[in-house]
Amino acid sequence: MNFLTLSLSLVFVFIPIVLSKVLKLELEKDTIIATVRSVVQLLAVGYVLKFVFDSENMIYILLMIILMIVAATHNARKKGTSIKGITWKLVVTFITIEVVTQTILLGFGIIPPTAQYLIPISGMMIGNSMVLSILFLNRFTAEIESNQDAIELILSLGGTPKQAIHTQLVNSIKASTIPTIESQKTIGLVQLPGMMSGQIIAGADPVQAVLFQLLILFLLLTTAVVSSALLGFLSYPSLFNERKQLLKKITTSTSDTEKS
Amino acid sequence: MTETNQAIQLNQVNYSITGELILKNITHSFPTGKITTLVGPSGAGKTTLFRLCNGLISRDSGEIFINGKSIDDYDPLVLRQTVGIALQSATMISGSIFDNLALPLTLKGEQLSEEDANKLLELVGLEKSLLYRNSKDLSGGQLQKVSIARTLVNEPSILLLDEITSSLDRVSQQDIEKLIKRINENYGTTIIWITHNLKQAYTIGDYTVVMMDGEVIESGPSDLLHNPKTNRTKKFVRGEIE
Ligand SMILES: Nc1ncnc2c1ncn2[C@@H]1O[C@H](COP(=O)(O)OP(=O)(O)O)[C@@H](O)[C@H]1O
Ligand SMILES: [Mg+2]
């Protein structure tokens with residue numbers, strides 16, 4: 001594919017814009033912004049990747065991964081503003097995910113230590129970890145908000161903060177990881193995973209593509225559970241003060257997130 | 001130094017939420033081993049006072065002594081077991097009545113025997129058949145009773161009761177009054193009881209405290225409800241301030 005064919009594909013952007021105008025959906029502005037942003041962002045990434053791949057320098061690979069973690073943290077922290085120190089808690093979560101998955105992958109020689117493997121897999125892991133963190137934080141703050149009475153009941157009877165919040169913590173970890181597990185049950189039946197489709201289109205052997213996709217799926221399982229659980233256990237202590245009191249004002253930006 | 005015949009001593013206690021003073025310079029003592037009833041219009045700050053004494057919240061300024069010891073010198077978990085509270089909402093954890101009665105013990109890694117659980121039910125006048133029922137299936141009145149029994153499991157030396165009979169019928173209400181009196185007599189437990197029912201406040205209380213707008217406006221032997229000194233208490237007793 002080249003830039004000429006890509007510009008022809010802009011037809012697929014005009015269709016929704018025209019429909020939006022006709023049906024008064026008022027989606028034109030957002031569609032245009034989304035298109036411009038995706039073109040600029042992805043092209044930039046493409047050229048950066050090309051540069052990093054060509055140089056094969058570990059420093060650049062590391063820089064790319066740090067950049068991913070910074071971006072993921074920046075995105076996810078908005079959902080956890082009520083949790084003190086959420087920024088570094090997210091950073092620790094993402095670094096843990098990256099270190100755990102890459103150690104196993106490289107340690108067992110499952111993938112070679114080249115930019116071509118390290119960067120896309122890191123991107124998928126950190127990206128997924130970010131989504132899971134957001135799901136977890138949304139759910140956790142909502143659970144706490146609607147169960148303050150039950151949490152304070154346990155505290156009032158002499159329970160520790162961990163005992164008081166246990167149910168909400170476990171529910172939130174479960175709720176945020178279930179979609180990952182569920183989606184893997186039907187994968188391939190309804191739709192082909194994006195990465196695998198991309199590989200096949202680019203000319204890879206379908207069986208090879210499937211093997212890689214399976215690897216990614218297994219990694220995503222680890223990422224999902226580790227992200228939620230780790231973030232949960234890092235987060236809950238900051239909801240209480242040193243007198244083991246539940247801090248008020250656990251209001252989230254939940255209402256904003258639904259709009260954006 | 002503090003006198004030890006005061007179960008709870010408050011000294012110029014202030015508490016505010018988002019800049020608004022909820023408790024204003026409260027100085028008051030609750031005598032050990034007595035039943036004190038706490039009355040006042042809703043929004044007066046009664047529940048807030050309880051939450052301070054149980055350690056669910058902390059004051060902005062002033063001093064609180066529990067059994068002669070500064071509240072700050074208590075481990076929060078020990079404080080909450082010493083000063084038991086039965087919350088107005090009678091909140092339950094999900095699960096059976098047994099799970100709820102056992103909660104104070106399970107939090108300590110201990111277990112409640114079925115025999116003891118049944119004794120608790122009997123104590124508060126509930127059928128044994130309710131033990132393994134889901135807490136969602138019980139009426140408000142029944143839950144109030146479970147909530148009281150659950151608080152008793154910790155054997156607190158001070159018991160704070162927040163409108164625990166407000167959703168009970170007359171007979172249950174009298175049963176609970178008898179139960180609380182019995183606990184007070186048998187174990188010397190200090191009782192502080194918030195109630196909207198002034199007749200109850202008078203009959204059950206040795207002492208009564210009247211709160212309004214975050215202040216203690218009158219206190220003394222429960223007789224004061226029949227002979228109020230201040231105009232505001234007079235109005236409140238006559239039902240002119242809700
Ligand atoms: N968590 C809270 N947030 C905001 N205001 C509160 C909170 N708790 C209590 N208040 C306010 O404090 C005042 C006293 O409340 P409360 O102690 O519950 O009174 P009472 O038990 O006497 O009815 C009320 O005006 C109430 O609105
Ligand atoms: Mg109240």
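This is a predicted model: local features need pLDDT of at least 70, side-chain atom pairs count only at pLDDT 80 or more; totals for chains, interfaces and linings use all residues.
Within chain B, B:Leu168 occupies the loop that runs between strand S7 (158-162) and helix H6 (170-187). B:Leu168 counts as buried because its relative accessibility is 9%, and the cut-off for burial is under 20%. Apart from its neighbours within four places in sequence, B:Leu168 contacts B:Gly141, B:Gln144, B:Gln173 and B:Ile176. B:Thr203 stands 35 residues away from B:Leu168 along the chain, with 17 Å between their C-alpha atoms.

In chain A, attention turns to a pair of helices. Helix H3 (residues 28-55) packs with helix H6 (residues 115-146) at an angle of about 145°, and their axes are 9 Å apart. H3(A) contributes A:Leu49, A:Val52 and A:Phe53 to this contact, while H6(A) contributes A:Ala115, A:Gln116 and A:Ile119. Of the residues involved, five are nonpolar, one is polar and none is charged.

The two chains also meet each other. Their contact draws on 17 residues from chain A and 27 residues from chain B. Together the chains bury about 1,900 Å², with 56% of that area on carbon and sulfur atoms. On the chain A side, A:Leu153, A:Leu157 and A:Arg243 provide 36% of the area buried against chain B, more than any other three residues. One salt bridge is counted between the chains. A:Glu152 forms a salt bridge with B:Arg51, in which the closest N and O atoms are 2.6 Å apart.

Methods:
Residues are numbered from 1 along each chain as its sequence is written. Chains are lettered from A and ligands numbered from 1 in the order in which they are written. Side-chain values use heavy atoms; hydrogens and water are left out. Axes are lines fitted to C-alpha atoms, for helices over the stretch in contact, and angles run from 0 to 180 degrees between N-to-C directions. Helices (H or I, at least four residues) and strands (E, at least two) are DSSP runs, numbered from the N terminus. Contact means heavy atoms within 4.5 Å. Ala, Val, Leu, Ile, Met, Phe, Trp, Tyr, Cys and Pro count as nonpolar, Asp, Glu, Lys and Arg as charged, and the others, Gly among them, as polar. Buried means under 20% relative accessible area, exposed over 50%, partly exposed in between (1.4 Å probe, protein chains only). Buried area is the accessible area (1.4 Å probe) that two parts lose on being put together, summed over both. A salt bridge is a side-chain nitrogen of Lys or Arg within 4 Å of a carboxyl oxygen of Asp or Glu.
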